[in-house]
Amino acid sequence: MQIQGKQMAQKTGAKRIEAPAIGRPRKTKFQADLAPAEDRAVRLLKEELQIASNTDFLSDALALFRWAVSERKLGHKIVSESASGERKILLFPRLERVAPDLALPRVEIKWTKRELESLAELASAREADGPTDVLIRAMRA
Amino acid sequence: MAILIRRLEEHDEVENFDCGDDPLNNYLKRHAWTNQEKISIGVTYVAIDEGAPRVVLGYFTLAMASVPRETFPKKYVRGLPHYDLPLVLMARLAVERRFAGRGLGRALISEALRVSLRAADEVGCRCIVTDAYRDRIGWYARYGFVPIEGAAESGPQKMFLDLRTVRAALGS
């Protein structure tokens, strides 16, 4: 089976790029070769969802996928919850690619340029300052 | 009164904690537990009286942080290791108003420094940094914290303490 979007309104040459006509949004042809099992899954889903065309099917799937990506980009988890409260978290490897950093907890400190200079000077000192009497008493108490 | 300092626990009584500073009060009540147990970005240690072991009398929060090497001005990086600079951030330290002036702050900061030394021994770390309120700069300076120059005049003052200084204070 082939999934195919609407025909392009404007044909272009094989290696030629033309600007779309103003006021006439260009439509892109999308074609995919599906394995028989995937073909059956698509037909079944179209029936269940009462979707008539492959274009509408693709459009709805795209909307759902875009939403999922945007949620993971924000670091949000995608969860399904049953009537009894049982929760399942969607783990979809491709989606995890868009939110790897957000999953890592971290502490950020904002530094001014002068603070960084001062910190570098202090941290690179060959010898540290000696402890104050107050510090010695506190640490040895 | 026997003071004990330990990690914050889920059922500790924090709702009535009042150090006189709303951000410090709110951090303990709203964020400390989540940051410690759920997102693991900072650990809060609380001071309690053994006679009332759930009532928090003071606390501090520690977190690990680092400064990327490439953010330092080139002129100053020569003496630094060829890696990001790891540090302990003492993110909060507060004492319940009713117990101010009784040495609880000293007990908290010395424990914070001991924990920092242990962390440095285990995972490697050069220094401890804190944001001090302007009226507390002198108090931190007594323990050897040095102001990091370049802060805005009105905001908190970043302060630095080399962990070698703390180790020397222990006599080791």
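1. For this note, two residues are in contact if their C-beta atoms, placed from the backbone, lie within 7 Å. The structure is a predicted model. Among contacts in chain B between residues at least 6 apart in sequence, those joining residues at least 24 apart account for 60%.

2. Chain B contains 4 helices and 7 strands. Their order along the sequence is β-α-β-β-β-α-β-α-β-β-α. The chain has 172 residues, and 39% of them are buried.

3. Strand S4 of chain B, residues 85–95, has 10 of its 11 residues buried, so the strand is largely enclosed by the rest of the structure. S3(B) pairs with S4(B) in the antiparallel sense through 10 bridges. Within S4(B), B:Leu89 has B:Ala63 opposite it. With S5(B), by contrast, S4(B) pairs in the parallel sense, over 4 bridges. There B:Leu87 faces B:Cys127 of S5(B) as its opposite residue.

4. Helix H2 of chain B covers residues 104–123, and strand S5 of chain B covers residues 127–132.

5. Strand S7 of chain B, residues 157–162, is likewise enclosed for the most part by the rest of the structure, because 5 of its 6 residues are buried. S5(B) and S7(B) run antiparallel and are joined by 6 bridges. In S7(B), B:Gln157 lies opposite B:Ala132. A further antiparallel pairing, of 2 bridges, links S7(B) with strand S6 of chain B, residues 146–147. Here B:Phe160 of S7(B) is opposite B:Val146.

6. The largest nonpolar core has 56 residues, and B:Met90 and B:Phe160 touch the most other members. S4(B) makes the greatest contribution to this core, namely 9 residues.

7. Which residues are in contact with B:Phe160, leaving aside its neighbours within four places in sequence? From chain B they are B:Cys127, B:Val129, B:Phe145, B:Val146 and B:Ile148, and from chain A they are A:Leu119 and A:Leu122.

8. The contact between the chains takes 30 residues from chain A and 40 residues from chain B. On the side of chain B that touches chain A, S3, S4, H2, S7 and H4 of chain B each supply at least two residues. H4(B) gives the largest share, 5 residues. By class, this side of chain B has 24 nonpolar residues, 9 polar residues and 7 charged residues.

9. In chain A, helix H1 comprises residues 36–49. Is H1(A) enclosed or in the open? The number of buried residues among its 14 is 0, so H1(A) lies largely in the open. The length of H1(A) agrees with expectation, because 14 residues at 1.5 Å a residue should span 20 Å and the end C-alpha atoms are 20 Å apart. After H1(A) comes A:Gln50, with a positive phi near 55°.

10. Helix H2 of chain A, residues 54–73, gives a similar check: its 20 residues, at 1.5 Å a residue, should span 28 Å, and the end C-alpha atoms are 28 Å apart, which agrees.

Technical notes: Residues are numbered from 1 along each chain as its sequence is written. Chains are lettered from A and ligands numbered from 1 in the order in which they are written. This is a predicted model: local features need pLDDT of at least 70, side-chain atom pairs count only at pLDDT 80 or more; totals for chains, interfaces and linings use all residues. Ala, Val, Leu, Ile, Met, Phe, Trp, Tyr, Cys and Pro count as nonpolar, Asp, Glu, Lys and Arg as charged, and the others, Gly among them, as polar. A nonpolar core is a set of buried Ala, Val, Leu, Ile, Met, Phe, Trp, Tyr and Cys residues joined through C-beta atoms within 7 Å. A residue is buried if 20 or more other C-beta atoms lie within 10 Å of its own, exposed if 12 or fewer, and partly exposed in between; C-beta atoms are placed from the backbone. The expected span of a helix is 1.5 Å times one less than its number of residues. Two strands pair if DSSP finds at least two bridges between them.
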